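The sequence and structure come first.

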Amino acid sequence: MSTADETVSPATAAATDATATDASDRADRADSPGSSQRGGDEGPGAGESAGEEGQETGRDAIIRAARRAFTLRPYAEVTMRGIAAKAGVSPSLIVKRFGTKEALFNTVVDFRPAAAELFGAPLPGLGRHLVLTMVDLRDRFRGDPLLRVVFSLGIEDERTLLRSRFREQVTDRLTGLLTGPDARLRAELVAGQLLGLGATLSLHRPDGATAHAGTERLADLYAPGIQRLVDGV
């Protein structure tokens, strides 16, 4: 595994896409050649000719379902049909949007979109921005954008891929932004703080204090520690 942009195939890929998953996808395409496909968040009868907003909603549902599936189960056990059922779409719609299970997996393990938002603020106010953005991303993604790197249950190849992508796309990116001594160490500690925040918000829902505190109050309490790491003081 060399760079974040390369497509990396997990060791178990051949054991699945060549069998029942691909057969299911081909069957779905044969059942409705050229027909419109339904998305779970696209209303009854809505197809691929639906408006851009509906298509994007369907794509988000697929990614959410895939992220959860690949986090909770090994790659070989995840099927396109299972993801489709959780997302409320047909397997052939996933094939149309993403192509293969491997391509969908590589989309799910891409941390760059979240990193772009997390680090999109000047260094003097980055700590607060990180807390506010983390909470916002969790709301929009309906799940934590980073925590899957900790809780993934895949085989070693998959866990190694997740860790590698996280280092390259999150930790290394932040290291390049920081100034002063120990930039790499500080970046790793900031990443740990973000993972800790995500874990805390997950563990204490729905009745914990963090579930009832406003986002600004969370930032008031949590951001100063992160900002000290950003500043290196």
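## Largest cavity

The largest cavity in this predicted model has a volume of about 40 Å³. A cavity is a set of points on a 1 Å grid over the protein atoms alone where a 1.4 Å probe fits but cannot get out; the volume is the space filled by probe spheres set on the points, which are joined across faces, edges and corners. The count comes to one cavity of 30 Å³ or more.

## Lining

Arg67, Phe70, Thr71, Phe105, Val108, Val109, Arg148, Ser152 and Leu162 form the lining, meaning that each has an atom within 4 Å of a point. Two elements give two or more residues to this lining: helix 3 (52-72) and helix 6 (101-108). Helix 3 supplies the largest share, three residues. Helices are DSSP runs (H or I, at least four residues), numbered from the N terminus.

By residue class, the lining holds five nonpolar, two polar and two charged residues.

## Thr133

Thr133 is part of helix 8 (residues 126-141). Its relative accessibility is 9%, so Thr133 counts as buried (under 20% relative accessible area, 1.4 Å probe, protein chains only). A polar atom of the Thr133 side chain lies 2.7 Å from the backbone oxygen of His129. Leaving out residues up to four places away in sequence, Thr133 touches Glu117 and Leu118 (heavy atoms within 4.5 Å).

## Basis

Residues are numbered from 1 along each chain as its sequence is written, and side-chain values use heavy atoms, without hydrogens and water. In this predicted model, local features need pLDDT of at least 70 and side-chain atom pairs count only at pLDDT 80 or more, while totals for chains, interfaces and linings use all residues.

Key:
On a 1 Å grid over the protein atoms alone, a cavity is a set of points where a 1.4 Å probe fits but cannot get out, and a pocket is an open set with protein on both sides within 12 Å along at least five of seven lines; lining residues have an atom within 4 Å of a point. Ala, Val, Leu, Ile, Met, Phe, Trp, Tyr, Cys and Pro count as nonpolar, Asp, Glu, Lys and Arg as charged, and the others, Gly among them, as polar. Buried means under 20% relative accessible area, exposed over 50%, partly exposed in between (1.4 Å probe, protein chains only). A polar contact is a pair of N or O atoms within 3.5 Å; within protein, one must be able to donate a hydrogen and the other to accept it, and residues adjacent in sequence count only if both atoms are side-chain atoms.
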